[in-house]
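This report goes through a few parts of the structure shown below, heading by heading.

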There are 4 protein chains.
Amino acid sequence: AGQDIATKGNYSNKIFADFSVFKGKAALSMSPVSPRFSKLNSGDFKVDKTGCMMLNFWPAVGQRKYDWQKRQLFALSPTELGSLISLGPNDSCEFFHDPSMKSSNAGQVRKSLSVTPLADGSGYFLNLTVVNNNLKTNERFSVPVTKAEFAVMRTAFSFVLPHIMGWDRVTSQLPTNTDQ
Amino acid sequence: AGQDIATKGNYSNKIFADFSVFKGKAALSMSPVSPRFSKLNSGDFKVDKTGCMMLNFWPAVGQRKYDWQKRQLFALSPTELGSLISLGPNDSCEFFHDPSMKSSNAGQVRKSLSVTPLADGSGYFLNLTVVNNNLKTNERFSVPVTKAEFAVMRTAFSFVLPHIMGWDRVTSQLPTNTDQ
Amino acid sequence: AGQDIATKGNYSNKIFADFSVFKGKAALSMSPVSPRFSKLNSGDFKVDKTGCMMLNFWPAVGQRKYDWQKRQLFALSPTELGSLISLGPNDSCEFFHDPSMKSSNAGQVRKSLSVTPLADGSGYFLNLTVVNNNLKTNERFSVPVTKAEFAVMRTAFSFVLPHIMGWDRVTSQLPTNTDQ
Amino acid sequence: AGQDIATKGNYSNKIFADFSVFKGKAALSMSPVSPRFSKLNSGDFKVDKTGCMMLNFWPAVGQRKYDWQKRQLFALSPTELGSLISLGPNDSCEFFHDPSMKSSNAGQVRKSLSVTPLADGSGYFLNLTVVNNNLKTNERFSVPVTKAEFAVMRTAFSFVLPHIMGWDRVTSQLPTNTDQ
């Protein structure tokens with residue numbers, strides 16, 4: 001059944017895999033982004049930039065048609081993943097991002113993601129709002145997520161969390177022999 | 001104790017491993033199916049077909065005898081696994097599959113899998129119904145699963161979920177050095 | 001700090017690692033045992049013998065002294081691990097083993113392991129009883145396990161479960177390219 | 001995007017990755033430390049020293065400024081990680097360490113780490129106290145941890161636990177073929 005591709009841990013090319021849900025007004029896809037490492041003078045490596053869970057929201061433009069060109073990104077940090085993973089059935093949470101934080105463009109674009117329980121307890125509403133003061137635009141994406149879909153997110157986010165922190169690399173280092 | 005076989009992640013042959021339960025009227029075996037990847041023009045890879053958890057039900061035909069020739073398949077998607085993993089002790093769920101969906105044979109065979117709690121809270125009933133309008137057949141498989149067996153399923157399904165989504169491949173890609 | 005030993009997944013020698021608790025009347029150590037595979041005519045492999053979690057109980061023979069020569073084994077199956085992993089704070093469970101089951105010596109030695117909650121809710125009692133009708137002996141090992149120690153067991157057993165089922169090998173197989 | 005660094009499981013250099021929280025009076029960083037193995041006469045390996053989760057506390061010395069030179073370490077054992085992982089929302093726990101235990105300096109330095117729920121149920125307080133009878137010093141570090149940050153710790157500590165026990169090495173050993 002087809003040609004073998006590179007073995008686990010030996011890819012020289014990128015692998016793309018996402019989890020997507022398509023709903024009435026918008027679609028949402030999620031995929032993990034690995035951390036980046038920098039080399040120290042000692043030859044050792046340290047995490048230079050923590051990974052994240054990248055969310056893409058894009059709007060419905062017709063029956064089962066969605067416009068990928070109009071997508072908006074929202075990158076979840078490890079602590080924001082921790083917030084989602086530990087969310088109780090009646091809990092809600094909200095995250096605020098400024099893509100230009102600490103630059104001269106700070107405050108021009110503001111993004112917020114809120115996660116609120118559905119009224120009948122059957123899942124959560126994910127709402128992304130993107131306010132762009134330059135373009136005078138205010139976009140809003142609403143994606144209801146079922147309990148089953150949220151269970152996929154919770155389980156997959158829990159799997160991904162140690163990876164985007166770089167801890168899977170730390171624990172897979174060569175063990176050393178204490179005899180010498 | 002025997003000859004070594006290929007190392008983890010380096011198999012050129014297939015590995016078969018299932019978890020099976022044998023009950024009075026039928027048996028049920030489960031095994032994970034990996035996703036398939038396609039190569040992009042860039043040389044990168046993307047998930048072409050998500051993996052699944054394959055369930056096989058086959059009927060008892062005597063005391064501790066089961067007829068594998070009469071087995072029926074049911075492939076659980078990531079979201080259906082999410083539903084099972086998050087099932088509360090008194091919850092139930094049901095999935096409907098049409099093996100010929102989107103083809104000219106759509107509707108000829110209908111499969112449904114229901115998971116319902118046992119009356120005494122000691123586990124769940126898994127019921128598979130397969131209605132074949134062509135053959136005029138209506139098969140039904142009933143397998144009670146204990147709380148301990150369901151805990152194996154929940155734990156092993158949670159382990160498998162990121163793999164059938166392809167996320168274990170994404171997170172095991174080579175990290176890159178940001179210095180260059 | 002010492003000489004490197006073989007990389008993960010490339011050992012030609014065995015690795016020993018256990019989790020042990022030492023209590024007033026007995027000690028208990030636990031370590032995972034991998035499954036065994038057999039080669040099919042096709043060149044593929046299947047799980048021939050499921051792995052297990054091996055428990056060793058051995059008695060105290062003085063202040064902080066334990067006699068390893070008098071140890072008794074109890075091998076937990078995947079379903080028995082499922083039972084332990086899903087044990088509620090007030091639940092108990094009991095497993096019965098006959099090391100000579102299905103042989104002519106069946107019934108000569110009977111082992112039972114019971115796990116019962118401590119009266120103050122601070123953990124569990126693990127009791128192993130080994131009755132040997134040949135030697136006319138009746139041994140009993142009692143090991144109280146704290147909530148924290150049981151959390152280590154629950155977490156580590158959950159990690160080990162897919163491995164002793166062989167599912168980590170299935171999911172680490174080479175993905176294939178669907179283009180061909 | 002940069003130069004590839006060594007593949008997973010093949011590092012000859014060290015990898016550093018921690019999870020850190022910076023609060024008003026002190027900062028806290030955490031990173032896993034792998035176990036050490038010793039070689040047996042048989043050529044096999046056994047865990048010689050269990051790994052740990054290393055906590056570093058260091059004090060604030062101004063607005064968002066922290067003094068790393070004044071840091072104090074606290075190494076969590078597998079059972080202490082089990083205690084943290086299983087902590088209920090209203091539970092608390094406390095660990096006592098003597099860095100010179102079993103040496104002639106025993107009792108000169110005493111460290112204690114307590115974890116107590118915040119009054120409003122929004123997380124936990126981590127308090128480290130280090131009393132040094134030689135230097136006549138008594139240091140105290142207080143770090144409030146939000147529910148989301150504690151969820152990161154719980155998830156990442158659960159991932160790390162089998163690794164610091166050495167069980168990931170045991171389960172990644174070569175499977176053997178039972179035919180021979």
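## Terms and model

Helices and strands are here DSSP runs, a helix having at least four residues and a strand at least two, and they are numbered from the N terminus. The model is predicted.

## Pro89 of chain A

Pro89(A) belongs to a loop of chain A, with helix 1 (78-85) on one side and strand 10 (93-97) on the other. Is Pro89(A) buried or exposed? The cut-off for exposed is over 50% relative accessible area. Pro89(A) has a relative accessibility of 65%, and therefore counts as exposed.

Setting aside the neighbours within four places in sequence, Pro89(A) has contacts with Pro117(A) and Tyr124(A). Thr116(A) is 27 residues from Pro89(A) in sequence, while the C-alpha to C-alpha distance of the two is 9.4 Å.

## Where chain A meets chain B

Chain A puts 37 residues into its contact with chain B, and chain B puts in 36 residues. The two chains bury about 3400 Å² between them, and 62% of this area comes from carbon and sulfur atoms. There are 7 residue pairs in polar contact between chain A and chain B, counting pairs with both residues at pLDDT 80 or more. The interface of chain A and chain B also has 1 salt bridge. Lys147(A) and Asp91(B) form a salt bridge through their side chains, at 3.1 Å from N to O.

Which elements of chain A give two or more residues to the side that touches chain B? They are strand 2 (15-16), strand 4 (26-33), strand 5 (36-39), strand 6 (45-49), helix 2 (147-164) and helix 3 (167-171). Helix 2 of chain A provides the largest share of this side, with 11 residues. By class, the side of chain A that touches chain B holds 19 nonpolar, 8 polar and 10 charged residues.

Strand 2 of chain A and strand 6 (residues 45-49) of chain B run parallel and are joined by 2 bridges. In this pairing, Phe16(A) is opposite Lys46(B), a residue of strand 6 of chain B.

## Where chain B meets chain C

How many residues of chain B are in contact with chain C? Chain B has 37 residues in this contact, and they touch 36 residues of chain C. The area buried between chain B and chain C is about 3500 Å², with 62% of it on carbon and sulfur atoms. Across this interface there are 7 residue pairs in polar contact, both residues being at pLDDT 80 or more. The interface of chain B and chain C has 1 salt bridge. Lys147(B) and Asp91(C) form a salt bridge, and their closest N and O atoms are 3.1 Å apart.

On the side of chain B that touches chain C, at least two residues each come from strand 2 (15-16), strand 4 (26-33), strand 5 (36-39), strand 6, helix 2 (147-164) and helix 3 (167-171) of chain B. The largest share, 11 residues, is that of helix 2 of chain B. The residues on this side of chain B comprise 19 nonpolar, 8 polar and 10 charged.

Terms used
Residues are numbered from 1 along each chain as its sequence is written. Chains are lettered from A and ligands numbered from 1 in the order in which they are written. This is a predicted model: local features need pLDDT of at least 70, side-chain atom pairs count only at pLDDT 80 or more; totals for chains, interfaces and linings use all residues. Side-chain values use heavy atoms; hydrogens and water are left out. Buried means under 20% relative accessible area, exposed over 50%, partly exposed in between (1.4 Å probe, protein chains only). Contact means heavy atoms within 4.5 Å. Buried area is the accessible area (1.4 Å probe) that two parts lose on being put together, summed over both. A salt bridge is a side-chain nitrogen of Lys or Arg within 4 Å of a carboxyl oxygen of Asp or Glu. A polar contact is a pair of N or O atoms within 3.5 Å; within protein, one must be able to donate a hydrogen and the other to accept it, and residues adjacent in sequence count only if both atoms are side-chain atoms. Ala, Val, Leu, Ile, Met, Phe, Trp, Tyr, Cys and Pro count as nonpolar, Asp, Glu, Lys and Arg as charged, and the others, Gly among them, as polar. Two strands pair if DSSP finds at least two bridges between them.
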